[in-house]
Amino acid sequence: MKGFYLLLVGVAVVGGGVLWYGSQRTPAPAPSAPVPVAATDGFRGYTMGSDSAPTEITEYSDFECPFCASFATVQMPVIREQLIATGKVRWRYRDFPLPTHAYSRYAALAAQCAGEQGKFWDMHDQLFTSHQWAQTGKNPRGVFRDFARGIGLDLDKYDACMDSQRYAGRIQASVQEGEARSVKGTPSFYVNGRPYQGRSASDDFKALVDSLTKKHK
Amino acid sequence: MIRRQAIVLLALVGLLVATYLWLYKIGVLGQLQCGTGSCEYVQTSRYAELLGVPVALYGVVGYATLLGLGLAGLQPAMASDRRVSVLLAALATVGFGFTLYLTAIELFVLHAICRWCVASAVIMTATWVLSLADLRRQASHAP
């Protein structure tokens, strides 16, 4: 009997040690990383602003990227107010999750699943404004689900969408589109189809859009 | 006695497996070592929670209870106590039923297999068989 208890202690110590070691290692890949297959639905990204706006700005962005979060929370509110709400600009968001980020594809998937219920931009804002999830290195599934609940999504539909990775193909197609356009980092912008090389600041965008609008007239 | 020892050993291993999955679920572990399986897909699906509680936590509680009960049943004073066998068999039957449900979800709903879940299913099935054998033996030795 003594030998049996020694065996139990041995199993407990080894098993506990493995669990402890695992908890000390840096977390790596995203939960249920979307399957990289090309989109077949011809989706070109969610847009904001008037369809008749003379200028279209396409943003390639990564939800886990700190620069993208900074842009979305500091510059984007001004751009929305001064350029999008005024009908000068239509903004198009394209996913470009960087391979170095563990959870950016998962976040993109969450945004797409919110978009399915007409709340892409609400989830976009949640993911960027509550960006702590991107700094913990921990599985953000629960956090994203809380975001989904917070913006009023039907959680059953959201779960089904996430479980099936329904829009993984869209995200991959967006990445391929970005690569074809030589996007190297995020955020990257294209103004009326041409690469934008200026600063990622609302003032600079406003100056460019105003100049384009004058030319248009 | 050998059956109860086997139950205790299995419950301990099952407890470690369930704890591993639970730690992943709550974000303590960032990655599951799964080889070519679909552990993360299964573990991040909505079926990995039941009534708002991670399924793995049910496993932790269940295996811990089996472990405690089995250890109690190994004590000389309780070695021939039929109530321990009944409790072990009842708990293992509930666990086995839950295992069948989860395995059906993997096979027929998610179409994905999590190796750690399979390991837990094998452990629980073996525990269930052993607990029934223990109960039968106690019944045959009843005064």
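Biologist: What is the relative accessible area of A:Lys88?

Modeller: A:Lys88 has a relative accessible area of 26%, so this residue counts as partly exposed (buried is under 20%, exposed over 50%, partly exposed in between, with a 1.4 Å probe and protein chains only). Keep in mind that this is a predicted model, where local features need pLDDT of at least 70 and side-chain atom pairs count only at pLDDT 80 or more, while totals for chains, interfaces and linings use all residues. Residues are numbered from 1 along each chain as written, chains are lettered from A and ligands numbered from 1 in the order written, and side-chain values use heavy atoms, without hydrogens and water.

Now for the partner. A:Asp210 is partly exposed too, at 23%. A:Lys88 and A:Asp210 form a salt bridge, with 3.4 Å between their closest N and O atoms (a side-chain nitrogen of Lys or Arg within 4 Å of a carboxyl oxygen of Asp or Glu). The two sit in distant parts of the chain, 122 residues apart: A:Lys88 is in the loop between α2 (66-84) and β3 of chain A, and A:Asp210 is in helix α9 (residues 202-216) of chain A. Those labels are DSSP runs, numbered from the N terminus (helices are H or I with at least four residues, strands E with at least two).

Here's the wider setting. Chain A has 9 helices and 5 strands, and 48% of its 217 residues are buried.

A:Arg90 makes a salt bridge with A:Glu56, with the closest N and O atoms 2.8 Å apart. A:Arg90 belongs to strand β3 (residues 89-95) of chain A and A:Glu56 to strand β2 (residues 55-61) of chain A, so this pair ties together parts 34 residues apart in sequence. Both A:Arg90 and A:Glu56 are buried.

B:Asp134 is in helix α5 (residues 115-140) of chain B and B:Arg4 in helix α1 (residues 2-25) of chain B, 130 residues apart. Both B:Asp134 and B:Arg4 are buried. B:Asp134 also makes a side-chain polar contact of 2.8 Å with B:Ser85 (N or O atoms within 3.5 Å, one able to donate a hydrogen and the other to accept it; residues adjacent in sequence count only if both atoms are side-chain atoms). B:Ser85 sits in helix α4 (residues 82-110) of chain B and is buried at 0%.

A disulfide joins A:Cys113 to A:Cys161, S to S 2.0 Å (cysteine sulfur atoms within 2.5 Å). The S-S torsion is about -80°, so this disulfide is left-handed. A:Cys113 is in helix α3 (residues 104-116) of chain A and A:Cys161 in helix α7 (residues 155-164) of chain A, so the bond ties together parts 48 residues apart in sequence. A:Cys113 is buried at 0%, and A:Cys161 is buried at 0%.
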